[in-house]
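Here is a short report on ring contacts, strand pairing and helix packing. Please read it alongside the model.

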Amino acid sequence: MMFAAILRSIVRDGSLCVIDSAGVSHAIGDGSPPVATLRLTSKASEYTLALNPALSVGEAYMDGRLVIEDGSLYDFLDVVARNYGTSGSNPWIDLLERLGRGLKQANPIGRARQNVAHHYDLSSELYDTFLDPDRQYSCAYFANPADTLEVAQERKKLHIAAKLKLDRPGLKVLDIGSGWGGLCLYLAEAFGADVTGVTLSTEQHEHSMQRAAASPAGSRARFELRDYREVEGRFDRIVSVGMFEHVGKKNYAEFFTRVRDLLADDGVGLIHTIGYSDAPAPINPFMRKYIFPGADLPSLSEMVSAVEPTGLLVTDVEILRLHYAETLRHWRERFMARADDAAALYDERFVRMWEFYLVLCEIGFRRRTMVVFQMQLTRRIDVLPMTRDYIARTEENVVVGLPHENPPTKEHAEK
């Protein structure tokens, strides 16, 4: 069987057993744990899985044509990814990746709205099954590996605020891709910022407006159902978390040019995005087709080369490595604990699709080359202090978990 032959060419450590549609077992690996057994329920799947495994494995699992009989989906994908590694090579998979490497997504405004609606306008009850109460749908920051998801997400917001250097109240902040409003409200409530959030999701916009109406700092937070390319004015700070992945490679130059035009001369920007730590590559085809249509993940070289012609300065880059793997672990465990609730909202096929999405992403951060970039930008070289100490000082002086209307720092508390 071709699919078993491809797996056998990759897997040396760990153990897989593939049972084909005729009931014949194909043992793969060295017999050591982890162990996973998968059964293929159709003859056609034996060929489609071999022809394009990057897409077809997820489709077969989602449709019930690939069934895990022993172990878990995580065990299966983890065995493959651990053996393939960050620089693994398989002739057939390498060929498929080369064929897709030249694809660059364009993202005009109309298509961007459709792509956002596909994912972010799903039932809000679905997101309640696995996100923290603030609905932070991006990489958390685990300053302590034992932190809860809630604490780690609070620390993520603080880490971003510290890099924005919100050193006085009233700074005008633009949040590009503001999600359900959590970061905007945090910056308004904890740092006294005047924040505008823009999103293309009607569900997220409605939820954000409701939260702003209930917030004691609601007058300092406004939300617009608008594309970032339609925003006018100048801002002291610009932040974008988990949105650059949806810009499209063809639009990178346009994005950074717009950030430059919107940023005040003495302003600071912070772009937080998933990316690849190695050479530029296309996003996984299953993710693009079923989860995030129109998405693309950048390499650092692609981001920097798009920034350079704009005149913006890259003043700091931090690479968060396993933080997202831990975030996804929390999400996966929470989602699977409430799989019945998700199935009631949609169906079992949807649950398998999202399980595959969450597992695939977690393993991408643990075993492959996915990381998170936090890139800080300015228009002038003298805007920020000469050392990064101001970031640590801000984080040390803020107590995570305090109500946001409390003074954010010891310095402010003494005034």
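The model is predicted: local features need pLDDT of at least 70, side-chain atom pairs count only at pLDDT 80 or more, and totals for chains, interfaces and linings use all residues. Residues are numbered from 1 along each chain as its sequence is written, and side-chain values use heavy atoms, with hydrogens and water left out.

**Aromatic contacts**

A pair of aromatic rings is described by the distance of the centres and the angle of the planes. Rings of Phe, Tyr and Trp (its six-membered ring) pair if their centres lie within 6.5 Å; planes under 30 degrees apart count as stacked, over 60 as edge-to-face and the rest as tilted. The search of the whole structure finds 26 aromatic pairs. Two of them are tabulated here.

| Pair | Centre distance | Plane angle | Class |
|---|---|---|---|
| Tyr-127 and Trp-354 | 6.0 Å | 75° | edge-to-face |
| Phe-255 and Phe-256 | 5.2 Å | 85° | edge-to-face |

Tyr-127 and Trp-354 link distant parts of the chain, 227 residues apart. Tyr-127 is in helix H7 (residues 124–128), and Trp-354 is in helix H16 (residues 348–367). Helices (H or I, at least four residues) and strands (E, at least two) are DSSP runs, numbered from the N terminus.

Buried means under 20% relative accessible area, exposed over 50%, and partly exposed in between (1.4 Å probe, protein chains only). Tyr-127 has 0% relative accessibility, so Tyr-127 counts as buried. Trp-354 has 2% and is buried as well. Phe-255 and Phe-256 are both buried.

Lys-172 lies over the face of Phe-235, at 5.2 Å from the ring centre. The cut-offs are NZ of Lys or CZ of Arg within 6 Å of the ring centre and within 35 degrees of the ring normal.

**The sheet**

Four strands form an open sheet in the order E2-E1-E3-E4, with mixed pairing. Two strands pair if DSSP finds at least two bridges between them. Strands E2 (25–29) and E4 (66–70) stand at the edges; each has a single partner strand, so one side of each lacks a neighbour in the sheet. The twist averages 25° from one strand to the next. Strand E3 (residues 35–40) pairs with E4 in the antiparallel sense over four bridges. Leu-40 has Leu-66 of E4 as its bridge partner.

**A helix pair**

The axes of helix H8 (residues 149–164) and helix H14 (residues 323–337) come within 11 Å and cross at roughly 140°. Axes are lines fitted to C-alpha atoms, for helices over the stretch in contact, and angles run from 0 to 180 degrees between N-to-C directions. H8 and H14 are therefore oblique to each other. Angles under 35 degrees count as roughly parallel, over 145 as roughly antiparallel, 65 to 115 as roughly perpendicular and the rest as oblique.
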